[in-house]
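User: I have a structure open and would like to go through it slowly with someone. Could you take my questions as they come?

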Amino acid sequence: MAVSLLANDVSDLCIGKPAVRALPLSAAAGDLAATVRKGPRAAAAACIAVGPARGAVVGRAGLADVLCLLCSSPDALARPAAALARPVSALLPKDGAGEVRRVDPRSSVLEALDAILSGAQVLAVPLRNGGRKKLLAGVAGVTSDFCWLTQEDLVRYFLNSISLFYHVAARSVSSLGLVRPDFLSVRPDEAALSAVPLIRCAIAAETAVAVVSADGHLVGEISTAHLAACDETAAAAIATLSAADLMAYIDYFGSPPEHILRAIKTGLKAKGLDAMLELMEDETMTSFSLSSSSSDEDTGRAHLRRPSSGSFGRRSTEEPVVCSPASSLVAVMVQALAHRVSYLWVLDEEDDCRLAGIVTFADILRLFREQLQ
């Protein structure tokens with residue numbers, strides 16, 4: 001089984017992948033935010049940070065990292081222009097979390113899997129023949145000749161060969177030990193600013209921060225992917241709103257309810273964050289339009305319990321993706337890949353649908369690695 005499954009090399013998984021945009025470590029955080037926003041699929045996009053040595057890959061950063069930088073300290077909130085002028089190197093984690101590792105295109109799938117499971121968040125794979133090599137507009141002399149290889153790519157690869165894992169494919173995620181009870185969470189009424197360290201952890205782990213009521217029900221999530229679809233002014237919402245209200249702001253970014261905008265402006269004035277208020281008012285919010293709902297389908301989306309006060313209606317397309325402890329491994333893989341998420345929240349139907357844990361791509365890949373031994 002292992003021989004036939006792992007006969008492909010890493011380059012086979014990178015066919016059709018676009019080149020990643022690159023920025024030097026000395027580039028400003030504000031330049032990174034502008035670069036990511038200009039690119040396609042900004043919500044999932046991120047730039048690669050390159051070192052002075054040719055071919056050196058240092059890290060990956062995106063808009064969610066910029067927001068965390070703006071909210072990292074009272075000084076950053078008070079002087080957002082100075083924070084945005086800081087180098088890209090300030091966005092990269094200092095503890096090794098969210099590591100980017102370069103792998104050779106001729107490496108085996110098994111080597112790529114081991115790299116992910118040994119701590120790499122994402123793999124940078126050099127593109128062959130330079131066919132898709134791009135010159136980054138606005139940053140002279142800096143080219144991107146890498147593409148990303150992610151946990152999602154590997155999970156999709158294993159799903160395509162799921163028949164080889166028939167002995168575990170139909171088993172429940174609970175019986176396979178994939179339901180992780182420790183997850184990042186905040187209460188709906190907690191200040192969103194207090195969740196910034198958790199958001200940083202979620203970026204590194206490619207998960208999200210669960211917003212959980214006092215009785216253990218999942219109210220929603222602060223998704224790093226949804227944060228990345230905002231712009232720098234979302235830092236004002238993080239600085240002033242509760243976790244529940246931040247979810248509403250993110251969901252309706254581009255046209256948030258007027259009372260949320262008033263709450264943000266009032267909070268900024270109360271905290272003396274005049275520069276952040278100016279940044280928020282200067283941004284042309286009208287350039288960001290709400291994406292139309294693709295369908296009324298709600299498969300795999302939870303009908304979640306909302307707090308009776310301080311909550312706002314959210315678009316159904318933004319609901320967290322959930323499963324139950326009894327869901328099969330293959331069903332969870334299909335569901336996660338269909339919704340383009342790397343995790344599923346687990347609601348226990350036998351416990352009034354309280355949040356029981358989280359299933360992540362990292363743990364699913366670890367299971368496949370064990371099966372290959």
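**Salt bridges, a helix and a hairpin**

Analyst: Let us begin with Arg156, which counts as partly exposed at 32% relative accessibility, where buried means under 20% relative accessible area, exposed over 50% and partly exposed in between, using a 1.4 Å probe and protein chains only. Please keep in mind that this is a predicted model, in which local features need pLDDT of at least 70 and side-chain atom pairs count only at pLDDT 80 or more, while totals for chains, interfaces and linings use all residues. Residues are numbered from 1 along each chain as its sequence is written, and side-chain values use heavy atoms, with hydrogens and water left out.

User: OK, and which residue does Arg156 form a salt bridge with?

Analyst: Arg156 pairs with Glu152, and their closest N and O atoms are 2.9 Å apart; a salt bridge here is a side-chain nitrogen of Lys or Arg within 4 Å of a carboxyl oxygen of Asp or Glu. The two are 4 residues apart in helix H8 (residues 151-159), so about one helical turn separates them. Helices are DSSP runs of H or I with at least four residues, strands are runs of E with at least two, and both are numbered from the N terminus.

User: Is Glu152 buried or exposed?

Analyst: Glu152 counts as buried, at 15% relative accessibility.

User: How many salt bridges does the whole structure have?

Analyst: The search finds 12 of them. One of these joins the side chains of Asp104 and Arg106 at 2.9 Å, N to O, where Asp104 is partly exposed with a relative accessible area of 32% and Arg106 is exposed at 64% relative accessibility. There is also a network of salt bridges that links Arg180, Asp182, Asp363 and Arg366.

User: And which parts of the chain does the pair of Arg60 and Glu206 link?

Analyst: Their side chains meet in a salt bridge of 2.9 Å, N to O, and this pair links distant parts of the chain, with Arg60 in strand S3 (residues 57-61) and Glu206 in the loop between H10 and S10, 146 residues apart. Both Arg60 and Glu206 are buried.

User: Since H10 came up, which of its residues are buried?

Analyst: In helix H10 (residues 196-205) the buried residues are Val196, Ile199, Ala202 and Ile203. Seen down the axis of H10, they fall within an arc of 110°, so they line one face of the helix; the arc is that of the directions from the helix axis to the C-beta atoms. As background, an α-helix has 3.6 residues a turn, so residues three or four places apart point the same way.

User: What do those buried residues pack against?

Analyst: Their partners include helix H4 (63-70), strand S5 (120-126), strand S11 (218-223) and helix H11 (224-227). In H11 lies Thr224, which counts as buried at 15% relative accessibility. Leaving aside neighbours within four places in sequence, Thr224 is in contact, meaning heavy atoms within 4.5 Å, with Ala64, Ile199, Ala202, Ile203 and Thr207.

User: Changing topic, why is strand S13 called largely enclosed?

Analyst: Strand S13 (residues 343-348) has 5 of its 6 residues buried, so the rest of the structure largely encloses it. With strand S12 (residues 322-323), S13 pairs in the parallel sense over 2 bridges, two strands being paired if DSSP finds at least two bridges between them. Between S12 and S13 the chain passes through helix H16 (residues 329-338) in a right-handed β-α-β crossover, meaning that, with the strands pointing away from the viewer, the path from the first strand over the helix to the second runs clockwise.

User: How many bridges join S13 to S14?

Analyst: There are 6 bridges between S13 and strand S14 (residues 354-360), which run antiparallel, and Tyr343 stands opposite Thr360 in S14. S13 and S14 form a hairpin with 5 residues between them, and Asp352 in the turn has a positive phi of about 60°. Asp352 is partly exposed, with a relative accessible area of 37%.

User: Where does Arg340 lie?

Analyst: Arg340 lies in the loop between H16 and S13, and its phi is near 55°, a positive value in a residue other than glycine. For comparison, most residues other than glycine have a negative phi.
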